[in-house]
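Student: Can we go through this complex together? I'd like to begin with how the chains meet.

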Amino acid sequence: VAGLPKIGAAATGDDLIAEFTGGAEVGEGDLKLVAPEIAENGNTVPIEVSSGSAAEILVLAMGNPTPSVATFKFGKLAASRAASTRIRLAGTQDVVAIAKLEDGSFVKASSTVKVTIGGCGG
Amino acid sequence: MASGVKPRVKVPKSAAAGEAITIKTLISHKMESGQRKDSDGNIIPRSIINRFTCDFNGENVVDVELAPAISTNPYFEFEALVPEAGEFKFTWYDDDGSVYETSKKIAIG
(Lines give C-alpha, C1' and ligand atoms only; values in the text may rest on other atoms or scores of the structure.)
Protein backbone atom coordinates (compact mmCIF):
# COMPACT_ATOMS: atom_id res chain seq x y z
CA VAL A 1 0.00 0.00 0.00
CA ALA A 2 1.44 3.33 -1.02
CA GLY A 3 2.30 5.63 1.84
CA LEU A 4 3.17 2.93 4.33
CA PRO A 5 6.79 2.67 5.38
CA LYS A 6 8.60 -0.20 3.73
CA ILE A 7 8.98 -3.05 6.16
CA GLY A 8 12.55 -4.28 6.32
CA ALA A 9 13.36 -7.96 6.21
CA ALA A 10 14.98 -7.79 9.64
CA ALA A 11 11.90 -6.38 11.39
CA THR A 12 10.81 -8.58 14.26
CA GLY A 13 7.20 -9.21 15.22
CA ASP A 14 7.54 -6.80 18.12
CA ASP A 15 8.88 -4.10 15.78
CA LEU A 16 5.91 -4.58 13.50
CA ILE A 17 3.49 -4.34 16.42
CA ALA A 18 5.16 -1.13 17.61
CA GLU A 19 4.96 0.28 14.10
CA PHE A 20 1.26 -0.57 13.83
CA THR A 21 0.29 0.79 17.24
CA GLY A 22 2.73 3.70 17.32
CA GLY A 23 3.84 2.45 20.72
CA ALA A 24 0.34 2.69 22.24
CA GLU A 25 -0.68 0.23 24.92
CA VAL A 26 -2.28 -2.98 23.63
CA GLY A 27 -5.09 -4.40 25.74
CA GLU A 28 -7.32 -7.40 25.47
CA GLY A 29 -10.92 -7.37 24.42
CA ASP A 30 -12.92 -7.01 21.27
CA LEU A 31 -10.89 -9.30 19.02
CA LYS A 32 -11.04 -12.99 18.25
CA LEU A 33 -8.47 -15.05 16.38
CA VAL A 34 -9.42 -18.54 15.31
CA ALA A 35 -6.61 -20.86 14.24
CA PRO A 36 -6.24 -24.64 14.43
CA GLU A 37 -4.43 -26.09 17.45
CA ILE A 38 -2.52 -28.45 15.17
CA ALA A 39 -1.77 -27.86 11.50
CA GLU A 40 -0.42 -30.87 9.65
CA ASN A 41 0.71 -28.75 6.74
CA GLY A 42 2.22 -25.34 7.44
CA ASN A 43 1.75 -24.32 3.81
CA THR A 44 -1.92 -23.61 4.22
CA VAL A 45 -3.28 -22.93 7.67
CA PRO A 46 -6.82 -21.51 7.84
CA ILE A 47 -7.26 -18.55 10.18
CA GLU A 48 -10.12 -16.19 10.97
CA VAL A 49 -10.08 -12.81 12.68
CA SER A 50 -13.18 -11.05 13.95
CA SER A 51 -14.01 -8.03 16.03
CA GLY A 52 -17.07 -5.88 16.70
CA SER A 53 -15.45 -2.53 16.12
CA ALA A 54 -12.06 -2.92 14.46
CA ALA A 55 -11.05 -0.48 11.74
CA GLU A 56 -7.92 -2.47 10.93
CA ILE A 57 -6.55 -5.86 11.94
CA LEU A 58 -2.86 -6.78 11.64
CA VAL A 59 -1.95 -10.49 11.57
CA LEU A 60 1.57 -11.70 12.40
CA ALA A 61 3.22 -15.11 12.49
CA MET A 62 5.79 -14.47 15.20
CA GLY A 63 7.99 -17.45 14.31
CA ASN A 64 8.24 -16.94 10.54
CA PRO A 65 11.43 -15.58 8.90
CA THR A 66 9.36 -12.45 8.13
CA PRO A 67 6.49 -12.19 10.61
CA SER A 68 4.13 -10.07 8.46
CA VAL A 69 1.08 -11.97 7.27
CA ALA A 70 -1.64 -9.50 6.34
CA THR A 71 -3.39 -6.28 7.31
CA PHE A 72 -7.15 -6.09 6.85
CA LYS A 73 -8.78 -2.66 6.54
CA PHE A 74 -12.55 -2.61 6.70
CA GLY A 75 -14.45 -0.11 4.55
CA LYS A 76 -17.89 1.45 4.80
CA LEU A 77 -19.63 -1.55 3.29
CA ALA A 78 -17.98 -4.25 5.39
CA ALA A 79 -20.94 -6.02 7.04
CA SER A 80 -18.71 -7.38 9.79
CA ARG A 81 -15.20 -6.74 10.95
CA ALA A 82 -14.21 -10.29 10.15
CA ALA A 83 -12.23 -12.12 7.50
CA SER A 84 -10.80 -15.58 6.84
CA THR A 85 -7.74 -16.53 4.86
CA ARG A 86 -5.04 -19.21 4.65
CA ILE A 87 -1.50 -18.59 5.78
CA ARG A 88 1.97 -20.17 5.81
CA LEU A 89 3.68 -21.06 9.06
CA ALA A 90 7.36 -22.04 9.13
CA GLY A 91 6.90 -24.12 12.27
CA THR A 92 5.13 -24.33 15.60
CA GLN A 93 4.58 -20.78 16.80
CA ASP A 94 2.19 -18.07 18.01
CA VAL A 95 -0.06 -16.35 15.53
CA VAL A 96 -0.91 -12.85 16.76
CA ALA A 97 -3.64 -10.45 15.70
CA ILE A 98 -3.71 -6.78 16.71
CA ALA A 99 -6.79 -4.71 16.03
CA LYS A 100 -7.09 -0.96 15.89
CA LEU A 101 -10.58 -0.24 17.17
CA GLU A 102 -12.75 2.66 16.04
CA ASP A 103 -12.06 4.52 19.29
CA GLY A 104 -8.32 4.45 18.50
CA SER A 105 -7.36 1.84 21.09
CA PHE A 106 -5.55 -1.41 20.32
CA VAL A 107 -6.35 -4.96 21.36
CA LYS A 108 -4.49 -8.20 20.86
CA ALA A 109 -5.40 -11.86 20.46
CA SER A 110 -3.07 -14.79 19.92
CA SER A 111 -3.16 -18.49 19.32
CA THR A 112 -0.46 -21.15 19.33
CA VAL A 113 -0.42 -23.43 16.31
CA LYS A 114 1.53 -26.69 16.28
CA VAL A 115 2.92 -27.33 12.79
CA THR A 116 3.97 -30.80 11.66
CA ILE A 117 5.45 -29.82 8.27
CA GLY A 118 6.83 -26.29 7.90
CA GLY A 119 5.56 -24.01 5.18
CA CYS A 120 8.53 -21.92 4.15
CA GLY A 121 10.55 -24.50 2.31
CA GLY A 122 13.82 -23.19 3.80
CA MET B 1 5.52 -12.70 -15.17
CA ALA B 2 3.21 -14.80 -13.10
CA SER B 3 1.33 -17.07 -15.45
CA GLY B 4 -2.02 -18.79 -15.18
CA VAL B 5 -3.46 -16.24 -12.79
CA LYS B 6 -7.20 -16.71 -12.59
CA PRO B 7 -9.48 -14.91 -10.13
CA ARG B 8 -12.59 -16.65 -8.84
CA VAL B 9 -15.26 -15.01 -6.71
CA LYS B 10 -18.47 -16.28 -5.20
CA VAL B 11 -21.20 -13.68 -4.72
CA PRO B 12 -24.97 -14.36 -4.42
CA LYS B 13 -26.98 -13.30 -7.50
CA SER B 14 -29.45 -11.33 -5.42
CA ALA B 15 -29.93 -10.00 -1.90
CA ALA B 16 -32.42 -7.95 0.08
CA ALA B 17 -31.60 -4.24 0.33
CA GLY B 18 -29.34 -3.72 3.34
CA GLU B 19 -28.58 -7.43 3.66
CA ALA B 20 -25.16 -8.71 4.72
CA ILE B 21 -23.81 -11.30 2.29
CA THR B 22 -20.77 -13.55 2.44
CA ILE B 23 -18.20 -13.24 -0.33
CA LYS B 24 -15.51 -15.80 -1.05
CA THR B 25 -12.58 -15.06 -3.33
CA LEU B 26 -9.65 -17.09 -4.57
CA ILE B 27 -7.01 -16.23 -7.12
CA SER B 28 -4.64 -18.80 -8.53
CA HIS B 29 -1.13 -17.50 -7.94
CA LYS B 30 2.01 -19.26 -6.77
CA MET B 31 2.85 -16.57 -4.15
CA GLU B 32 6.61 -17.22 -4.31
CA SER B 33 7.74 -16.17 -0.84
CA GLY B 34 11.32 -15.13 -1.56
CA GLN B 35 12.48 -17.60 1.12
CA ARG B 36 12.82 -20.71 -1.00
CA LYS B 37 15.95 -21.82 -2.79
CA ASP B 38 16.26 -23.62 -6.11
CA SER B 39 18.29 -26.80 -6.62
CA ASP B 40 21.50 -24.72 -7.03
CA GLY B 41 20.97 -22.97 -3.72
CA ASN B 42 20.00 -19.65 -5.24
CA ILE B 43 17.12 -17.81 -3.63
CA ILE B 44 14.03 -17.76 -5.83
CA PRO B 45 12.96 -14.10 -5.97
CA ARG B 46 9.77 -13.05 -4.25
CA SER B 47 6.73 -12.78 -6.51
CA ILE B 48 3.45 -12.34 -4.69
CA ILE B 49 0.16 -10.52 -4.81
CA ASN B 50 0.65 -7.73 -2.30
CA ARG B 51 -2.80 -6.14 -2.13
CA PHE B 52 -6.44 -7.13 -2.57
CA THR B 53 -9.43 -4.83 -2.55
CA CYS B 54 -13.18 -5.28 -2.84
CA ASP B 55 -15.48 -2.32 -3.61
CA PHE B 56 -19.21 -2.05 -4.21
CA ASN B 57 -20.46 0.81 -6.39
CA GLY B 58 -17.30 2.73 -5.58
CA GLU B 59 -17.47 2.24 -1.79
CA ASN B 60 -14.81 0.12 -0.13
CA VAL B 61 -15.64 -3.19 1.54
CA VAL B 62 -12.17 -4.48 2.43
CA ASP B 63 -8.61 -3.54 1.59
CA VAL B 64 -6.05 -6.21 2.46
CA GLU B 65 -2.28 -5.93 2.46
CA LEU B 66 -0.66 -9.32 1.80
CA ALA B 67 2.77 -10.53 2.92
CA PRO B 68 4.61 -13.62 1.63
CA ALA B 69 3.08 -15.60 4.51
CA ILE B 70 -0.23 -15.75 2.66
CA SER B 71 -0.63 -19.22 1.13
CA THR B 72 -0.44 -20.11 -2.55
CA ASN B 73 -3.72 -19.26 -4.29
CA PRO B 74 -4.73 -16.50 -1.84
CA TYR B 75 -8.19 -17.07 -0.40
CA PHE B 76 -10.34 -14.51 1.40
CA GLU B 77 -13.78 -14.73 2.91
CA PHE B 78 -15.61 -11.71 4.33
CA GLU B 79 -19.03 -10.11 4.62
CA ALA B 80 -20.39 -7.15 2.69
CA LEU B 81 -23.45 -4.95 2.99
CA VAL B 82 -25.61 -4.57 -0.09
CA PRO B 83 -27.46 -1.25 0.19
CA GLU B 84 -28.71 -1.29 -3.42
CA ALA B 85 -28.35 -3.18 -6.68
CA GLY B 86 -24.94 -2.81 -8.23
CA GLU B 87 -21.59 -4.34 -8.89
CA PHE B 88 -18.82 -5.70 -6.72
CA LYS B 89 -15.39 -4.99 -8.07
CA PHE B 90 -12.43 -7.13 -6.99
CA THR B 91 -8.84 -6.11 -7.63
CA TRP B 92 -5.56 -7.92 -6.96
CA TYR B 93 -2.16 -6.19 -7.26
CA ASP B 94 0.89 -8.26 -8.23
CA ASP B 95 4.51 -7.48 -7.25
CA ASP B 96 5.34 -7.32 -10.97
CA GLY B 97 2.86 -4.47 -11.50
CA SER B 98 0.11 -6.61 -12.99
CA VAL B 99 -3.42 -5.85 -11.82
CA TYR B 100 -6.07 -8.56 -11.98
CA GLU B 101 -9.71 -7.52 -11.90
CA THR B 102 -13.07 -9.17 -11.89
CA SER B 103 -16.56 -7.99 -11.04
CA LYS B 104 -19.95 -9.46 -10.14
CA LYS B 105 -23.37 -7.87 -10.39
CA ILE B 106 -25.94 -8.30 -7.66
CA ALA B 107 -29.68 -7.60 -7.89
CA ILE B 108 -32.13 -6.63 -5.17
CA GLY B 109 -35.04 -9.01 -4.72
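**The interface of chain B and chain A**

Tutor: In this predicted model, 21 residue pairs, both at pLDDT 80 or more, are in polar contact across the interface of chain B and chain A. A polar contact is a pair of N or O atoms within 3.5 Å; within protein, one must be able to donate a hydrogen and the other to accept it, and residues adjacent in sequence count only if both atoms are side-chain atoms.

Student: Which strand gives the most to the side of chain B that touches chain A?

Tutor: β5(B), with eight residues. Strands are DSSP runs of E, at least two residues, numbered from the N terminus.

Student: And how many salt bridges between chain B and chain A?

Tutor: The count is one. B:E59 and A:K76 form a salt bridge through their side chains, at 3.5 Å, N to O; the rule asks for a side-chain nitrogen of Lys or Arg within 4 Å of a carboxyl oxygen of Asp or Glu.

Student: Switching to B:S28, where is its place?

Tutor: B:S28 sits in strand β3 of chain B, residues 19-28.

Student: Buried or exposed?

Tutor: B:S28 counts as buried because its relative accessibility is 15%; buried means under 20% relative accessible area, with a 1.4 Å probe and protein chains only.

Student: What does the side chain of B:S28 reach?

Tutor: The backbone oxygen of B:G4, at 3.1 Å. A polar atom of the B:S28 side chain also lies 2.7 Å from the backbone nitrogen of B:K6.

Student: How are things numbered and counted?

Tutor: Residues are numbered from 1 along each chain as its sequence is written, and chains are lettered from A in the order in which they are written. Local features need pLDDT of at least 70, side-chain atom pairs count only at pLDDT 80 or more, totals for chains, interfaces and linings use all residues, and side-chain values use heavy atoms, without hydrogens and water.

Terms used: Helices (H or I, at least four residues) and strands (E, at least two) are DSSP runs, numbered from the N terminus. Buried means under 20% relative accessible area, exposed over 50%, partly exposed in between (1.4 Å probe, protein chains only).
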